[in-house]
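Q: Please take a close look at the side chains in one part of this model. A plain, connected description is enough.

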Amino acid sequence: LGGMYDNGLGVIQDYSRAVDWYRKAAAQGNAPAQYNLGVMYSTGQGVAQDDSQAVDWFRKAAKQGLVRSQYNLGFMYIEGQGVAQDYSQALYFFRKASDQGDAKAQYALGLMYYNGNGVPQNYSQAAVWYRKAGTQGQSGALNNLGVGYALGQFGVKNLVLAHIFYNLAAVNGDAKSKTNRDEISKQLTPI
(Lines give C-alpha, C1' and ligand atoms only; values in the text may rest on other atoms or scores of the structure.)
Protein backbone atom coordinates (compact mmCIF):
# COMPACT_ATOMS: atom_id res chain seq x y z
CA LEU A 1 0.00 0.00 0.00
CA GLY A 2 2.92 2.34 0.66
CA GLY A 3 3.95 2.19 -2.97
CA MET A 4 0.40 2.85 -4.11
CA TYR A 5 0.16 6.01 -2.00
CA ASP A 6 3.71 7.02 -2.91
CA ASN A 7 3.01 6.79 -6.65
CA GLY A 8 -0.72 7.53 -6.75
CA LEU A 9 -1.61 4.11 -8.13
CA GLY A 10 -5.35 3.60 -7.73
CA VAL A 11 -5.43 6.13 -4.88
CA ILE A 12 -4.78 9.83 -4.51
CA GLN A 13 -1.04 10.34 -4.07
CA ASP A 14 -0.34 10.95 -0.39
CA TYR A 15 3.26 10.83 0.80
CA SER A 16 2.31 10.90 4.50
CA ARG A 17 0.14 7.80 4.11
CA ALA A 18 2.88 6.17 2.04
CA VAL A 19 5.31 6.76 4.92
CA ASP A 20 2.83 5.22 7.38
CA TRP A 21 2.54 2.07 5.29
CA TYR A 22 6.26 1.88 4.56
CA ARG A 23 6.96 2.25 8.29
CA LYS A 24 4.64 -0.67 9.12
CA ALA A 25 6.28 -2.95 6.57
CA ALA A 26 9.79 -1.74 7.48
CA ALA A 27 9.18 -2.53 11.15
CA GLN A 28 8.52 -6.11 10.05
CA GLY A 29 11.89 -6.26 8.29
CA ASN A 30 10.69 -5.67 4.73
CA ALA A 31 13.84 -4.47 2.91
CA PRO A 32 12.09 -2.66 0.02
CA ALA A 33 9.94 -0.77 2.55
CA GLN A 34 13.05 0.13 4.54
CA TYR A 35 14.66 1.42 1.34
CA ASN A 36 11.55 3.41 0.40
CA LEU A 37 11.38 4.91 3.88
CA GLY A 38 15.03 5.92 3.45
CA VAL A 39 14.14 7.61 0.17
CA MET A 40 11.26 9.46 1.81
CA TYR A 41 13.58 10.79 4.55
CA SER A 42 16.25 11.63 1.99
CA THR A 43 13.84 13.64 -0.17
CA GLY A 44 11.58 14.98 2.59
CA GLN A 45 8.43 13.53 1.06
CA GLY A 46 5.80 12.77 3.69
CA VAL A 47 8.30 13.44 6.50
CA ALA A 48 10.74 16.16 7.45
CA GLN A 49 13.89 15.73 5.37
CA ASP A 50 16.47 13.96 7.56
CA ASP A 51 19.59 12.43 6.02
CA SER A 52 20.59 10.61 9.21
CA GLN A 53 17.20 8.84 9.28
CA ALA A 54 17.63 8.04 5.58
CA VAL A 55 21.00 6.46 6.34
CA ASP A 56 19.51 4.39 9.16
CA TRP A 57 16.81 2.97 6.90
CA PHE A 58 19.15 2.43 3.95
CA ARG A 59 21.53 0.58 6.28
CA LYS A 60 18.77 -1.80 7.45
CA ALA A 61 17.83 -2.66 3.87
CA ALA A 62 21.49 -2.88 2.78
CA LYS A 63 22.18 -5.46 5.52
CA GLN A 64 19.54 -7.60 3.83
CA GLY A 65 21.36 -7.27 0.50
CA LEU A 66 19.10 -4.73 -1.19
CA VAL A 67 21.32 -3.33 -3.91
CA ARG A 68 19.58 0.06 -4.17
CA SER A 69 20.22 0.66 -0.49
CA GLN A 70 23.83 -0.40 -0.78
CA TYR A 71 24.34 2.08 -3.61
CA ASN A 72 22.52 4.86 -1.75
CA LEU A 73 24.61 4.26 1.36
CA GLY A 74 27.78 4.49 -0.72
CA PHE A 75 26.53 7.77 -2.13
CA MET A 76 25.66 9.11 1.34
CA TYR A 77 29.16 8.25 2.58
CA ILE A 78 30.94 9.76 -0.40
CA GLU A 79 28.92 12.99 -0.08
CA GLY A 80 28.87 13.09 3.74
CA GLN A 81 25.08 13.25 3.84
CA GLY A 82 23.66 12.05 7.16
CA VAL A 83 27.07 10.58 8.03
CA ALA A 84 30.63 11.82 8.16
CA GLN A 85 32.25 11.61 4.74
CA ASP A 86 34.04 8.28 4.66
CA TYR A 87 35.50 7.00 1.40
CA SER A 88 36.28 3.56 2.83
CA GLN A 89 32.61 3.05 3.75
CA ALA A 90 31.55 4.40 0.34
CA LEU A 91 33.93 1.94 -1.29
CA TYR A 92 32.55 -0.90 0.84
CA PHE A 93 28.91 -0.25 -0.09
CA PHE A 94 29.64 0.47 -3.76
CA ARG A 95 31.49 -2.86 -3.93
CA LYS A 96 28.54 -4.68 -2.33
CA ALA A 97 26.19 -3.21 -4.92
CA SER A 98 28.69 -3.75 -7.75
CA ASP A 99 29.04 -7.40 -6.83
CA GLN A 100 25.30 -7.67 -7.55
CA GLY A 101 25.78 -6.06 -10.96
CA ASP A 102 24.58 -2.52 -10.18
CA ALA A 103 25.80 -0.25 -13.01
CA LYS A 104 25.56 2.97 -10.99
CA ALA A 105 27.73 1.47 -8.24
CA GLN A 106 30.22 0.16 -10.80
CA TYR A 107 30.43 3.64 -12.32
CA ALA A 108 30.91 5.12 -8.83
CA LEU A 109 33.79 2.71 -8.19
CA GLY A 110 35.31 3.75 -11.51
CA LEU A 111 35.12 7.39 -10.43
CA MET A 112 36.72 6.60 -7.07
CA TYR A 113 39.68 4.89 -8.78
CA TYR A 114 39.93 7.55 -11.48
CA ASN A 115 40.03 10.39 -8.96
CA GLY A 116 41.86 8.56 -6.19
CA ASN A 117 39.06 9.04 -3.64
CA GLY A 118 39.72 6.65 -0.77
CA VAL A 119 41.91 4.46 -2.96
CA PRO A 120 45.19 5.06 -4.77
CA GLN A 121 44.48 6.64 -8.16
CA ASN A 122 44.48 3.81 -10.67
CA TYR A 123 43.31 4.42 -14.22
CA SER A 124 43.43 0.71 -15.07
CA GLN A 125 41.04 -0.12 -12.23
CA ALA A 126 38.84 2.81 -13.22
CA ALA A 127 38.64 1.39 -16.74
CA VAL A 128 37.67 -2.05 -15.40
CA TRP A 129 34.73 -0.59 -13.47
CA TYR A 130 33.75 1.80 -16.27
CA ARG A 131 33.61 -1.17 -18.68
CA LYS A 132 31.41 -3.17 -16.33
CA ALA A 133 29.00 -0.25 -16.01
CA GLY A 134 29.29 0.60 -19.70
CA THR A 135 28.27 -2.87 -20.82
CA GLN A 136 24.96 -2.11 -19.08
CA GLY A 137 24.58 1.18 -20.97
CA GLN A 138 25.69 3.49 -18.15
CA SER A 139 26.38 6.60 -20.23
CA GLY A 140 28.69 8.36 -17.76
CA ALA A 141 30.95 5.32 -17.68
CA LEU A 142 30.98 5.12 -21.47
CA ASN A 143 31.88 8.81 -21.71
CA ASN A 144 34.68 8.38 -19.18
CA LEU A 145 36.07 5.45 -21.17
CA GLY A 146 36.17 7.82 -24.13
CA VAL A 147 38.00 10.43 -22.04
CA GLY A 148 40.53 7.89 -20.81
CA TYR A 149 41.30 6.62 -24.30
CA ALA A 150 41.43 10.14 -25.73
CA LEU A 151 43.99 11.15 -23.09
CA GLY A 152 45.94 7.89 -23.15
CA GLN A 153 45.14 7.11 -19.52
CA PHE A 154 44.21 3.48 -20.17
CA GLY A 155 47.51 2.45 -21.73
CA VAL A 156 47.89 4.09 -25.10
CA LYS A 157 46.09 7.04 -26.64
CA ASN A 158 43.44 5.62 -28.97
CA LEU A 159 41.18 8.15 -30.66
CA VAL A 160 39.21 5.46 -32.49
CA LEU A 161 38.24 3.79 -29.20
CA ALA A 162 37.55 7.20 -27.68
CA HIS A 163 35.21 7.97 -30.59
CA ILE A 164 33.45 4.61 -30.20
CA PHE A 165 32.87 5.09 -26.46
CA TYR A 166 31.76 8.71 -26.89
CA ASN A 167 29.31 7.58 -29.55
CA LEU A 168 27.94 4.78 -27.35
CA ALA A 169 27.51 7.26 -24.49
CA ALA A 170 25.76 9.74 -26.78
CA VAL A 171 23.39 7.02 -28.01
CA ASN A 172 22.63 6.28 -24.33
CA GLY A 173 21.66 9.90 -23.67
CA ASP A 174 24.87 11.60 -22.50
CA ALA A 175 24.83 15.09 -24.04
CA LYS A 176 28.48 15.98 -23.36
CA SER A 177 29.56 12.76 -25.10
CA LYS A 178 28.12 14.05 -28.36
CA THR A 179 30.30 17.14 -28.10
CA ASN A 180 33.32 15.00 -27.17
CA ARG A 181 32.65 12.65 -30.08
CA ASP A 182 32.36 15.54 -32.52
CA GLU A 183 35.66 17.01 -31.29
CA ILE A 184 37.46 13.66 -31.63
CA SER A 185 35.99 13.23 -35.12
CA LYS A 186 37.90 16.31 -36.25
CA GLN A 187 41.17 14.61 -35.22
CA LEU A 188 40.51 11.33 -37.01
CA THR A 189 41.90 10.77 -40.48
CA PRO A 190 39.20 9.94 -43.02
CA ILE A 191 39.66 6.69 -44.93
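A: The model is predicted, with local features needing pLDDT of at least 70 and side-chain atom pairs pLDDT 80 or more, while totals for chains, interfaces and linings use all residues. Residues are numbered from 1 along each chain as its sequence is written, and side-chain values use heavy atoms, without hydrogens or water.

M4 belongs to helix α1, residues 2–7 (helices are DSSP runs of H or I, at least four residues, numbered from the N terminus). Its relative accessible area is 36%, so M4 is partly exposed (buried is under 20%, exposed over 50%, partly exposed in between).

The charged side chains come next. Three salt bridges are found in the structure (a Lys or Arg side-chain nitrogen within 4 Å of an Asp or Glu carboxyl oxygen). K178 pairs with D182 at 3.4 Å, N to O; both sit in helix α11, residues 175–187, four residues apart, about one turn. D182 also meets R181, at 3.3 Å. K178 is partly exposed at 44% and D182 at 31%, whereas R181 is buried at 17%. K186 and E183, also in α11, are three residues apart, with their closest N and O atoms 3.1 Å apart in a salt bridge. E183 is partly exposed at 42%, and K186 is exposed at 64%. Shared partners link K178, R181 and D182 into one salt-bridge network.

Technical notes
Helix = DSSP H or I, 4+ residues; strand = E, 2+ residues; numbered from the N terminus. Buried < 20%, exposed > 50% of the residue type's maximum accessible area, 1.4 Å probe, protein only.
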